[in-house]
Amino acid sequence: MPKHLDNPPASASLTVAAMGVVYGDIGTSPLYALRECFHESHGLSVTADNVLGILSLIVWSLVLVVTMKYLLFVMKADNDGEGGMLALMALSQRSHPVNLRKGLSLVVSLGLVGVAFLYSDGIITPAISVLSAVEGLTLATDVFTPYVLPVTIGLVALLFAIQHRGSGKLGSIFGPIMLVWFAALALLGLHSVIQTPGVLLAANPLYAAGFLIHHAGIGFLVLGSVFLVLTGAEALYADMGHFGRRPIQVGWFAVALPALLLQYFGQGALLMRNPAALANPFYLLAPEWMLYPLIALATLATIIASQAMLSGAFSLTLQAVQLGYLPPLRITHTSAEQHGQIYFTLLNWLMFVGTVGLILSFGSSTNLAAAYGIAVSGSMIITTLLMYRVTRHHLGWSAPPAVMAVGVFLCIDLAFFLANAQKIPHGGWFPLLLGAAIFTVMSTWARGRAIVAEHLRVQFPPLRQFVTDVLSKVECRTAGRAVFLSQQPDITPPALLQNVRHNKTLHEYVYVLTVRTEHVPFVPAGAPLEITPIQEQLFQVVARCGFMETPDIPRVLTQLATHGHALPVQDTTFFLSRITFLATPKPGMAIWREKLFVVLSRNTQRASSYFHLPSEQVVEIGLVLEI
């Protein structure tokens, strides 16, 4: 989204649309969050004091983390309107360019760990949210108990199966459904609060402090369950580019926050009246006649929340590919009008396998809650750490206020992370293991690309030198136009060198084209190209694209025409270098990582498809390179 749209007017329609995407995850937390705070492992009895203490922790967690940190602090750090972990990492690198040939910097390493955690969150969210909604069926009768897992898996399979169609048609109804969901949360909670108004005392932060002091160690562990009310907070920042800051803020203060507070207060009031309602305080808030409609509404809400996480994972993957942290994967654009609607087949089904595996392995939302939280709290810490550099070098804050703001939020984040760390033996190991695997893949690909770039720089001559020493001696020039794609504009493309070496000829007009990904989400349409004459009828061209865009060479050729260089796509031959890598015991990376890089490179999307080139006009010249 262009910079001038980063803060659009908070129109009602835009705010409603944001409700269907941004607040799905955090809006479905009432299904299980308060119940898990009284998990039997904590040994807490359902007394009025304990209910008020835990509710106070929930209220002030929502205020301090969601409202103060994300809505009012982190969302100031927009990367030309975009938010999210990779956008934040790219923003923090603007004033400190990274040279991957020297290894991964601390900023890049932190960002990749955060991204790995977010992928873990994207797999756990559909599992726990849909499962917690379907479990409401067991309250009506035990007959449904054997069918909870099959029904959940069926709904999850349907969700993943329709991803290739895109979310555009469904997106128009997501917002209204979530408005109905939040209205139901608010009304059910308000009805219960009216019966037990004393529950509102939990708004006093002294109850939270008193609970932590009185229960000491157990109170700290309870924070790991309290944290469940915050899952989805990262989505507020990540989706800023889709809706802008103002609609997200208005949606929070006008709809989501009041509804969530009323719902949690309502569940607390119910527990104060009837401790046995702990079995499922959300569904037991509703009258008996409303149970089935509420289960249906909750299921829709959790599917919407899961859809938002999947769309976020696809968007995150596009950014990672463009920034060079994941290999090019086969991408499908599911909408001709909306550029951001994309689909990755391989990623979709890998996440499906992971989600179903979690459902079958853990068996219930209560068991899954043990795996939830560690990844989200870890990504929140990384967001806070990256914010320090952004506040200093992008927002222009002096050191004292930057240290104070980051320090306060970091203390809160660390408290939640350490509280969630006790879940590691009981399921928290899963997001850590998955996160470590994803980080290994991303860091290996980034480091491998840097090593390959260095090998090419050593083995292939500078473009100007090659032109002077070799091309000037080429006597035969073939009629027509040729475009040689090059990763580095100042280095001779392997395809160009091999073509001249073996064919002893060159096209009449030659363009060496490099597409450079910038650390901004979008490059304005019609952004100037860098066109440098190297020799008569031979030009070096550098085009730029943002990390939220996919390279489109035909569009670049159209821009070239406006600069006096007519290159009709149908009359142009495109030369690509297809490099086959061999893992060898050389300095740079461990041999096992080199082998992983080779496997990844063999499963990338073909360059012709990635750059939207007509396959019948593409010539690929192979090269074997030892790394």
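A cavity, as I use the word here, is a set of grid points where a 1.4 Å probe fits but cannot get out, and its lining residues have an atom within 4 Å of a point. I note at the outset that the model is predicted.

**Entry: cavity search**

I searched the whole structure for cavities of 30 Å³ or more, and the search returned 1. I looked up the volume of the largest cavity: about 40 Å³.

Which residues line the largest cavity? I listed L318, V321, L329, I331, F344, T550 and Y610. I then sorted this lining by class. It has 6 nonpolar residues and 1 polar residue.

**Entry: fold and dimensions**

I counted secondary structure next. The protein chain has 24 helices and 8 strands.

**Entry: burial, contacts, surface**

I checked burial with the cut-off at under 20% relative accessible area. Of the 627 residues in the protein chain, 57% are buried.

I turned to contacts between residues at least 6 apart in sequence. Of these, 84% join residues at least 24 apart.

Last, I looked up the accessible surface of the protein chain. It comes to about 24,800 Å². Carbon and sulfur atoms account for 64% of that surface.

Notes
Residues numbered from 1 in each chain as written. Predicted model: local features only at pLDDT ≥ 70, side-chain atom pairs only at ≥ 80, totals over all residues. Heavy atoms only, no water. 1 Å grid on protein atoms, 1.4 Å probe; cavity = no way out; pocket = protein on both sides within 12 Å on 5 of 7 lines; lining within 4 Å. Points joined across faces, edges and corners; volume = space filled by probe spheres on them. Nonpolar A, V, L, I, M, F, W, Y, C, P; charged D, E, K, R; others polar. Helix = DSSP H or I, 4+ residues; strand = E, 2+ residues; numbered from the N terminus. Buried < 20%, exposed > 50% of the residue type's maximum accessible area, 1.4 Å probe, protein only. Contact = heavy atoms within 4.5 Å. Areas by Shrake-Rupley, 256 points an atom, 1.4 Å probe, with all protein chains shown as cover.
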